[in-house]
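Trainee: Could you walk me through how to read a model like this one, feature by feature?

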Amino acid sequence: GLSPNHLKKAKLMFFYTRYPSSNMLKMFFSDVKFNRCITSQLIKWFSNFREFYYIQMEKFARQAINDGVTGVDELSVSRDCELFRALNMHYNKANDFEVPERFLEVAQITLREFFNAIVAGKDVDPSWKKAIYKVICKLDSEVPEIFKSPNCLQELLHE
């Protein structure tokens, strides 16, 4: 079955891939005996991770609008901003993993996509987020090979 360490590993993988395929999951969780239930549990985890991610993006985009931000160029995501802290706390609670730079770029693109959509009034359409999801799903990056190791947490977290 899946352990708390598998959940921790999946959360760290989210920094690279928001939309992993089931084949990818099988490759990176080689110590797990896959069946329909396990596969759907892993897929559900990533779905929950995305849901939290997108809720934060919408919240921070709306906050920026309320704070008087008028252009996307004023929005950036850095390691010391509140949005990053919220995401990092969720996926990397102990802060013992070095979040890849690419994740900051993807988070900034996502935040700007939400900002533009809200400013343009697209959020009146119930399915307004689908266009954003289509952009973001193309921004997944390669998950490092080390994640294939069943002992990767010890190696990644320098325990």
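**Reading the model**

Mentor: Let us start with one side chain: Arg102 has a relative accessible area of 29% and is therefore partly exposed. The labels are buried for under 20% relative accessible area, exposed for over 50%, and partly exposed in between, using a 1.4 Å probe and protein chains only. Glu105, at 41%, is partly exposed too.

Trainee: What should I know about the model itself before going on?

Mentor: It is a predicted model, with residues numbered from 1 along each chain as its sequence is written. Local features need pLDDT of at least 70 and side-chain atom pairs count only at pLDDT 80 or more, while totals for chains, interfaces and linings use all residues, and side-chain values use heavy atoms, without hydrogens and water.

Trainee: What joins Arg102 to Glu105?

Mentor: A salt bridge, meaning a side-chain nitrogen of Lys or Arg within 4 Å of a carboxyl oxygen of Asp or Glu. For Arg102 and Glu105, the closest N and O atoms are 3.0 Å apart. Helices here are DSSP runs (H or I, at least four residues), strands likewise (E, at least two), numbered from the N terminus. An α-helix has 3.6 residues a turn, so residues three or four places apart point the same way. In helix 5, Arg102 and Glu105 are three residues apart, which means a separation of about one helical turn. Shared partners can also link salt bridges into one network, as with Glu58, Arg62, Asp123 and Lys129.

Trainee: How many salt bridges does that rule give in total?

Mentor: The count is nine. One of them pairs Asp123 with Arg62, with 2.8 Å between the closest N and O atoms. Asp123 sits in the loop between helix 5 (101-119) and helix 6 (130-136), and Arg62 in helix 3, so this pair ties together parts 61 residues apart in sequence. Asp123 is partly exposed, at 25% relative accessibility, and Arg62 is partly exposed as well, at 30%.

Trainee: Which residue forms a salt bridge with Arg79?

Mentor: That is Glu101, and the closest N and O atoms are 2.9 Å apart. Arg79 belongs to the loop between helix 3 and helix 4, whereas Glu101 is in helix 5, so the pair connects parts 22 residues apart in sequence. Arg79 has a relative accessible area of 30% and Glu101 has 49%, which makes it partly exposed.

Trainee: At what angle do helix 3 and helix 5 pack?

Mentor: Axes are lines fitted to C-alpha atoms, for helices over the stretch in contact, and angles run from 0 to 180 degrees between N-to-C directions. For helix 3 and helix 5 the angle is about 60 degrees, with the axes 9 Å apart. Under 35 degrees counts as roughly parallel, over 145 as roughly antiparallel, 65 to 115 as roughly perpendicular, and the rest as oblique. Helix 3 and helix 5 are therefore oblique to each other. Contact means heavy atoms within 4.5 Å, and here it involves residues including Tyr53, Met57 and Ala61 of helix 3 and Phe103, Val106 and Leu111 of helix 5.

Trainee: Is Gln56 buried or exposed?

Mentor: Gln56 is buried, with a relative accessible area of 8%, and it lies in helix 3. Beyond neighbours within four places in sequence, Gln56 touches Leu83, Ala86 and Leu87.

Trainee: Which residues of helix 1 are buried?

Mentor: In helix 1 (residues 4-13) they are His6, Lys9, Ala10, Lys11, Leu12 and Met13. Their cover includes helix 2, helix 3, helix 4 (82-91) and helix 7 (152-156).

Trainee: What is the phi of Asn95?

Mentor: Most residues other than glycine have a negative phi. Asn95 is not a glycine, yet its phi is positive, about 60 degrees. Asn95 lies in the loop between helix 4 and helix 5 and, at 51% relative accessibility, counts as exposed.
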